[in-house]
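Visitor: Could you show me how to read the burial of a side chain and the pairing of aromatic rings in a model like this one?

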Amino acid sequence: MPQQCSDLLGEGYTGVWPACTYNHDPEEIDLTRLPEHPSGEDWSMYFDAYDPTKQEMAERDAVTDISQLQDIWSLQSGQLGEAWELQKGQIGENWGLKRGELGWGAGLGLKEARRTGIGAKRKSGMAFSGTAEEMQRLAESNVMGNYERGLKAGKTAYEQALESGQMGYDQALATGELGLTQGITDIYQQLGQDIYGYVEDWEDYQRDTRNMLYGSGLDWNNEEEEQQPTLTCDQQGMQTCPDGTCAPYDGSCAGQGQDPDACPTLGQIRCPDGTCVWGDDSPNPCENHGGSGSNCEPPAGGCAGDEYWNPNTCTCEWIP
């Protein structure tokens, strides 16, 4: 009676043994909790469809492995059958020889019994002596009794040899069939584990992607993002440059709307690289802005006609 694969292998297997298949359909990831995409796109674009390539390769490999097992067992079972046929032939041949020996021995015994009876009658001079005839019949009976007992014992040994050989052959077949069944079962179970793992890995990756989107910082409640307060330059401990941007008080607004020649009007000194810095108590406030030692350089082209260069303050000052 055909056996169902599910009865032998368990849940997920279909078909009739040994033509089984394993099914574990991927579970679609629930995206209903995700809000509308900010740009109106479909969230599914972030999720890869299940790729059955590995599964199909595993299924093909399983079919190949099972076919190889079946071919090997077919060869082995054929060899077992041939060996048993040869053994049966040898057992039958041995029994035939034994019967021949028994028959030949019985023939010799009967001839000897007759020869002995004839000799006894001649010696007694009685042609049909009852005593001689009885002796001959007794001898013949003994010969035939030994022959029949030999036949019976030989036949019993022959039948026992056949029965023992048949039992060994049947056991070898059963062991081989069991090994084949177990081998096919192992292949199918490994196939099921592989396919289940492929699907689970895919589902885990999809869930990780979904969880990444959940934790990406987007407002999943579709509420407007809270506006963070903007601090003024002064609140940040910085100076406000002409273009409205902020710069450190010990730095320059160069490139941020500041005219380098306006350093004195800001109460700052102009360094050789054009940076305006505060003239603090540092021996060389322009040290990191093109200054060398305690010296600083006048602006390119020198000071204006009614100004002179003060190396102490690194600025052009009015001529008194």
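Guide: Let us begin with Tyr-188, which is buried, its relative accessible area being 6%; buried means under 20% relative accessible area, exposed over 50%, and partly exposed in between, with a 1.4 Å probe and protein chains only. Please keep in mind that this is a predicted model, in which local features need pLDDT of at least 70 and side-chain atom pairs count only at pLDDT 80 or more, whereas totals for chains, interfaces and linings use all residues. Residues are numbered from 1 along each chain as its sequence is written, and side-chain values use heavy atoms, leaving out hydrogens and water.

Visitor: How many aromatic pairs are found in the whole structure?

Guide: A pair of aromatic rings is described by the distance of the centres and the angle of the planes. The search finds five aromatic pairs, where rings of Phe, Tyr and Trp (its six-membered ring) pair if their centres lie within 6.5 Å, and planes under 30 degrees apart count as stacked, over 60 as edge-to-face and the rest as tilted. One of them joins Tyr-13 and Tyr-22, a tilted pair with 4.8 Å centre to centre and 55 degrees between the planes.

Visitor: Are Tyr-13 and Tyr-22 buried or exposed?

Guide: Tyr-13 counts as buried because its relative accessibility is 8%, and Tyr-22 is buried with a relative accessible area of 11%.

Visitor: Why is the pair of Trp-17 and Tyr-188 edge-to-face?

Guide: The planes of their rings stand at 65 degrees, with the centres 6.1 Å apart, so the pair is edge-to-face.
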